[in-house]
Amino acid sequence: MQKEVLIKNDGEVILYPFLFSSTESDQLFLDLNDSVKWKQDIIHLFGKTMPLPRLTAWYGDEGKSYTYSGIEQHPEPWNSTLKSIKSKVEEISEVTFNSVLINLYRDGKDSVSWHSDDEPELGKNPIIASVSFGATRRFSLKHKISKKDKVDIDLPNGSLLLMKGETQHYWQHQIPKNYKLLDRRINLTFRVIKPV
Ligand SMILES: O=C(O)CCC(=O)C(=O)O
Ligand SMILES: [Mn+2]
């Protein structure tokens with residue numbers, strides 16, 4: 001499988017641009033767009049509440065609940081499309097995942113702001129496997145200490161991005177807004193939820 005190492009200091013980030021063929025990816029995008037139980041979450045920011053700038057869904061093994069925005073969330077059970085994507089990701093990453101957070105970016109105005117995937121449920125040095133379908137979006141990483149260390153990469157239809165080791169400790173990532181973009185993108189971040 002063709003791969004490109006994007007970060008190898010203070011963590012490891014690897015891109016596999018062609019996890020799925022473009023025909024497979026187009027079909028998986030349509031399947032997920034229709035079958036995933038999308039939700040509009042709310043964020044609390046500076047004393048205000050506002051809708052999260054994307055739709056989300058959470059699927060996983062039974063009993064793998066996690067706390068998010070102070071609310072205990074229970075996962076939807078895996079469907080057949082998600083199971084098939086999960087097994088392909090597990091083959092490449094050599095990790096067994098027990099949950100997936102799915103994001104729907106309805107157009108370029110949807111986004112995710114700077115953050116690290118550092119929830120306590122993920123434990124120390126989690127491996128995160130991120131699969132993208134639909135519109136290509138820019139993904140940026142910046143180092144938390146040496147702020148001039150920045151990596152920008154476009155995540156194409158059918159790609160897999162692996163974030164490993166100390167990446168979440170030293171780096172933040174985001175999907176910036178792109179006001180010209182009208183197309184949808186679906187992203188799946190496979191995770192291992194641990195008992196806390
Ligand atoms: O959409 C992406 O590629 C990243 C999503 C993300 O960072 C997250 O859900 O934690
Ligand atoms: Mn993230």
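Student: What makes E8 and E15 a pair, and in which sense do they run?
Tutor: Two strands pair if DSSP finds at least two bridges between them. E8 and E15 are joined by 7 bridges, so they count as a pair, and they run antiparallel. One position in this pairing is Leu101, which stands opposite Thr189 in E15. Strands (E, at least two residues) and helices (H or I, at least four) are DSSP runs, numbered from the N terminus.

Student: What kind of model is this, and which pLDDT limits apply?
Tutor: The model is predicted: local features need pLDDT of at least 70, side-chain atom pairs count only at pLDDT 80 or more, and totals for chains, interfaces and linings use all residues. Residues are numbered from 1 along each chain as its sequence is written, while chains are lettered from A and ligands numbered from 1 in the order in which they are written.

Student: What is the strand order of the open sheet?
Tutor: The order of its 7 strands is E1-E2-E13-E10-E15-E8-E5, with antiparallel pairing. E1 (4–7) and E5 (55–60) are the edge strands: each has a single partner strand, so one side of each lacks a neighbour in the sheet. From one strand to the next, the twist averages 20 degrees.

Student: How do you know that the span of H1 agrees with its number of residues?
Tutor: The expected span is 1.5 Å times one less than the number of residues. H1 (residues 22–35) has 14 residues and should therefore span 20 Å; its end C-alpha atoms are 20 Å apart, which agrees.

Student: Which residues of H1 are buried, and what covers them?
Tutor: Ser25, Leu28, Phe29 and Leu32 are the buried residues of H1. They cover an arc of only 105 degrees around the axis, so they lie on the same side of H1; the arc is that of the directions from the helix axis to the C-beta atoms. Their cover includes helix H2 (80–93), strand E10 (128–134) and strand E15 (185–191). The face turned away from the buried side carries the exposed residues Thr23, Asp34 and Ser35.

Student: At what angle to E10 do H1 and H2 run?
Tutor: H1 lies across E10 and E15, at about 95 degrees to E10. H2 runs at about 130 degrees to E10 and lies across E2, E5, E8, E10, E13 and E15. Angles run from 0 to 180 degrees between N-to-C directions, and axes are lines fitted to C-alpha atoms, for helices over the stretch in contact.

Student: Which residues touch the most other members of the largest nonpolar core?
Tutor: A nonpolar core is a set of buried Ala, Val, Leu, Ile, Met, Phe, Trp, Tyr and Cys residues joined through C-beta atoms within 7 Å. The largest one has 37 residues, and Val89, Val100, Ile102, Ala129, Val131, Leu160 and Leu161 touch the most other members. Not counting residues up to four places away in sequence, Leu160 touches Tyr16, Leu19, Val89, Ile92, Ala129 and Val131. Contact requires C-beta atoms, placed from the backbone, that lie within 7 Å.

Student: Why is Asn125 called exposed?
Tutor: Asn125 has 12 other C-beta atoms within 10 Å, so it is exposed. Asn125 is in the loop between strand E9 (112–115) and E10, and its phi is near 50 degrees, a positive value in a residue other than glycine. Most residues other than glycine have a negative phi.

Note on methods: Buried ≥ 20, exposed ≤ 12 C-beta atoms within 10 Å, placed from the backbone. Contact = placed C-beta atoms within 7 Å.
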